[in-house]
Amino acid sequence: MIGWILAVLALFFVQTLLPNVARAISGEPAQRAWLKGNRDEEPPHTVMSGRMQRALVNMFEALPVFLPLAVLAVALERTGGWVGIGAAMFFFARLAYVPAYASGIVPLRSLAWAVGHAGLGMMVAGLLAAPG
């Protein structure tokens, strides 16, 4: 489980970089000037930087659910079964969520989101079902 926690946190770290990377590679002078400056007045996001920002915000919403479940699983030594499978599903779904969001294909984004949340549900079910 520690591996899944670290993997999710690494993905979160990468996601924090993506909105500004999208701005940097946009080729728009206003975007690059903002990145290099004091960032007092933010220009509107490009399409891609906006998508990456919204994907990041979504990760901010999912992390407070995943992390306590994962830490609880470690503390209770219940990291196998549904809990482990759910954590893996959450990670891989979140990994797929970023390019799905970037593609602009809404059903792909929604599917990745749903699979990630199903993984969280599996973690809850595994924690509740485990003897204790």
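The legends below describe close-up views of a predicted model. Local features need pLDDT of at least 70 and side-chain atom pairs count only at pLDDT 80 or more, while totals for chains, interfaces and linings use all residues. Residues are numbered from 1 along each chain as its sequence is written, and side-chain values use heavy atoms, with hydrogens and water left out.

**View 1. The largest nonpolar core and Met1.** A nonpolar core is a set of buried Ala, Val, Leu, Ile, Met, Phe, Trp, Tyr and Cys residues joined through side-chain atoms within 4.5 Å; buried means under 20% relative accessible area, exposed over 50%, and partly exposed in between (1.4 Å probe, protein chains only). The largest core has 21 residues, of which Met1, Val8, Phe66 and Met123 touch the most other members. At least two residues of this core come from each of α1 (2-24), α3 (47-75), α4 (81-103) and α5 (106-129), and α3 gives the most, with eight. Helices are DSSP runs (H or I, at least four residues), numbered from the N terminus. Beyond its neighbours within four places in sequence, Met1 is in contact with residues including Ala70, Val74, Val83 and Ala87, where contact means heavy atoms within 4.5 Å.

**View 2. The salt bridge between Arg23 and Glu42.** The structure holds one salt bridge, defined as a side-chain nitrogen of Lys or Arg within 4 Å of a carboxyl oxygen of Asp or Glu. Arg23 and Glu42 form this bridge, at 2.4 Å from N to O. Arg23 belongs to helix α1 and Glu42 to the loop between α2 (29-36) and α3, 19 residues apart. Arg23 is buried at 0% relative accessibility, whereas Glu42 is partly exposed at 46%.

**View 3. Aromatic pairs.** Six aromatic pairs are found in the whole structure. Rings of Phe, Tyr and Trp (its six-membered ring) pair if their centres lie within 6.5 Å; planes under 30 degrees apart are stacked, over 60 edge-to-face, and the rest tilted. Phe12 and Phe60 have ring centres 5.1 Å apart and planes at 85 degrees, so this pair is edge-to-face. Phe12 lies in helix α1 and Phe60 in helix α3, 48 residues apart. Phe12 is buried at 18%; Phe60 is partly exposed at 47%.

**View 4. Arginines over aromatic rings.** A charge sits over a ring if NZ of Lys or CZ of Arg is within 6 Å of the ring centre and within 35 degrees of the ring normal. Arg39 lies over the face of Trp34, 4.7 Å from the ring centre. The charged end of Arg109 is over the ring of Tyr101, at 4.8 Å from its centre.
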